[in-house]
Amino acid sequence: MPTFPVMPIRTLAHLSDLHLDLSVTSDTAARALMTALTECGADHVVVTGDLTHQGLREEYRRFLDIFSPLLDVGRLTFIPGNHDRPGNDVGRGWMDGLKVRTVRCPGIYFVCVDSTGEHNRNYFASHGTLSRDTVEKVECALNAAPRDALVAVLVHHHVLPLPEESLPERLASKLGWPHASELSLGAELVKRIQGRCDLVLHGHRHRPGESVLEPVRGRALRVCNAGSSTDLGRFRLFRHSEGRLVGEPEWYHSAQPVRPRTASHNVRPALQYLVTQLGLALF
């Protein structure tokens with residue numbers, strides 16, 4: 001009887017919203033996540049934005065230092081979030097000037113989408129942007145996806161409506177500001193990629209969530225929000241083989257206990273931003 005090779009089961013870890021701010025607390029949480037990623041043996045890791053808290057070079061260097069074991073062997077893919085655009089705007093260069101780019105790894109095909117914009121240079125303008133041209137570029141990228149690869153779209157901002165998580169977000173929504181809103185063309189993007197994609201992985205909102213949409217042409221689509229991995233002290237693990245998910249995703253916990261951030265984590269940089277802008281206006 002002929003024998004057929006058994007395809008290996010690979011694992012993908014999804015992290016987001018690390019908000020590294022040079023504090024001992026964020027360093028400890030990030031290093032605990034890196035240890036957990038090593039322990040679970042994740043084949044590849046994605047971080048869907050907000051690696052830094054104020055878009056500072058020092059914060060980005062801290063990320064590169066902590067996650068160097070993965071970066072050095074090409075097992076980590078990341079995209080910018082709105083917090084990576086203020087300060088020194090470190091996130092600007094992560095997509096090589098493109099709104100959509102693709103990354104191919106063993107058994108998986110990533111379509112990376114930059115949902116940030118120049119308005120995110122303002123610390124208070126946190127909402128994302130998605131144009132019709134970008135949606136069309138995502139479709140074109142999916143046309144090139146290998147049939148035997150798991151296909152995942154990576155984007156920072158949420159594509160489907162999610163409830164507000166804080167009083168400032170609720171106030172913003174009451175005032176008609178877009179700060180807590182999903183991407184304006186997010187639902188259209190989801191509709192156009194159903195049946196051609198397995199995962200949409202995002203962050204931005206710090207409470208994790210997951211939606212499993214009805215299969216189209218026999219292919220289901222999971223839309224997963226990682227939440228803030230450093231706050232949660234955990235990340236999702238997806239198993240996949242021959243271009244399909246194997247079983248249900250699982251949460252993998254780090255040794256660092258859950259430590260939700262307080263309002264002061266955003267108040268200080270917000271005040272620093274205001275002082276900087278006032279100084280520029282006056283001088």
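**Buried residues and packed helices**

Reader: Does Gly81 count as buried or exposed?

Author: The relative accessibility of Gly81 is 0%. A residue under 20% relative accessible area is buried, one over 50% is exposed, and one in between is partly exposed (1.4 Å probe, protein chains only). With its value of 0%, Gly81 therefore counts as buried.

Reader: What kind of model is this?

Author: Residues are numbered from 1 along each chain as its sequence is written, and side-chain values use heavy atoms, with hydrogens and water left out. Local features need pLDDT of at least 70, side-chain atom pairs count only at pLDDT 80 or more, and totals for chains, interfaces and linings use all residues, since this is a predicted model.

Reader: How many helices and strands does the protein have?

Author: Helices (H or I, at least four residues) and strands (E, at least two) are DSSP runs, numbered from the N terminus. On that basis, the secondary structure comes to eight helices and twelve strands.

Reader: Which residues are in contact with Gly81, leaving aside its neighbours within four places in sequence?

Author: Gly81 lies in the loop between β3 (76-79) and β4 (100-105). Its C-alpha atom is 9.8 Å from that of Val47, a residue 34 places away along the chain. Contact means heavy atoms within 4.5 Å. Apart from those neighbours, the residues in contact with Gly81 are Gly49, Asp50, Thr116 and His156.

Reader: Is Asp96 buried or exposed?

Author: Asp96 is found in the loop between β3 and β4. Although Asp96 is not a glycine, its phi is positive, at about 55 degrees. Its relative accessible area is 63%, so Asp96 is exposed.

Reader: What is the relative accessible area of His19?

Author: His19 is found in the loop between β1 (10-15) and α1 (24-40). It has a positive phi of about 50 degrees, although it is not a glycine. His19 is buried, because its relative accessible area is 2%.

Reader: Is α1 roughly parallel or roughly antiparallel to α2?

Author: Two packed helices are described by the angle between their axes and the distance between the axes. Axes are lines fitted to C-alpha atoms, for helices over the stretch in contact, and angles run from 0 to 180 degrees between N-to-C directions; those under 35 degrees count as roughly parallel, over 145 as roughly antiparallel, 65 to 115 as roughly perpendicular and the rest as oblique. For α1 and helix α2 (residues 57-66), the angle is about 30 degrees and the axes are 10 Å apart. That makes the relation of α1 to α2 roughly parallel.

Reader: How many nonpolar, polar and charged residues does the contact of α1 with α2 have?

Author: Asp27, Ala30, Arg31 and Met34 of α1 make the contact with Arg62, Asp65 and Ile66 of α2. Ala, Val, Leu, Ile, Met, Phe, Trp, Tyr, Cys and Pro count as nonpolar, Asp, Glu, Lys and Arg as charged, and the others, Gly among them, as polar. By class, the contact of α1 with α2 has three nonpolar, no polar and four charged residues.

Reader: Is the crossing of α4 and α6 right-handed or left-handed?

Author: Helix α4 (residues 132-143) and helix α6 (residues 186-193) pack at about 20 degrees, with their axes 10 Å apart. α4 is therefore roughly parallel to α6. The crossing of these two helices, α4 and α6, is right-handed.

Reader: Into which classes do the residues of the contact of α4 with α6 divide?

Author: From α4, the residues are Arg132, Val135, Glu136, Val138, Glu139 and Leu142, and they meet Glu188, Leu189, Arg192 and Ile193 in α6. They divide into five nonpolar, no polar and five charged.

Reader: How far apart are the C-alpha atoms of Val155 and Cys112?

Author: Val155 sits in the loop between β6 (150-154) and α5 (167-174). With a relative accessible area of 1%, Val155 is buried. Beyond residues up to four places away in sequence, Val155 touches several others, including Thr48, Ile79 and Leu183. Val155 and Cys112 are 43 residues apart along the chain, and their C-alpha atoms are separated by 6.4 Å.

Notes. A crossing is left-handed if the near helix is turned anticlockwise from the far one by less than a right angle, and right-handed if clockwise.
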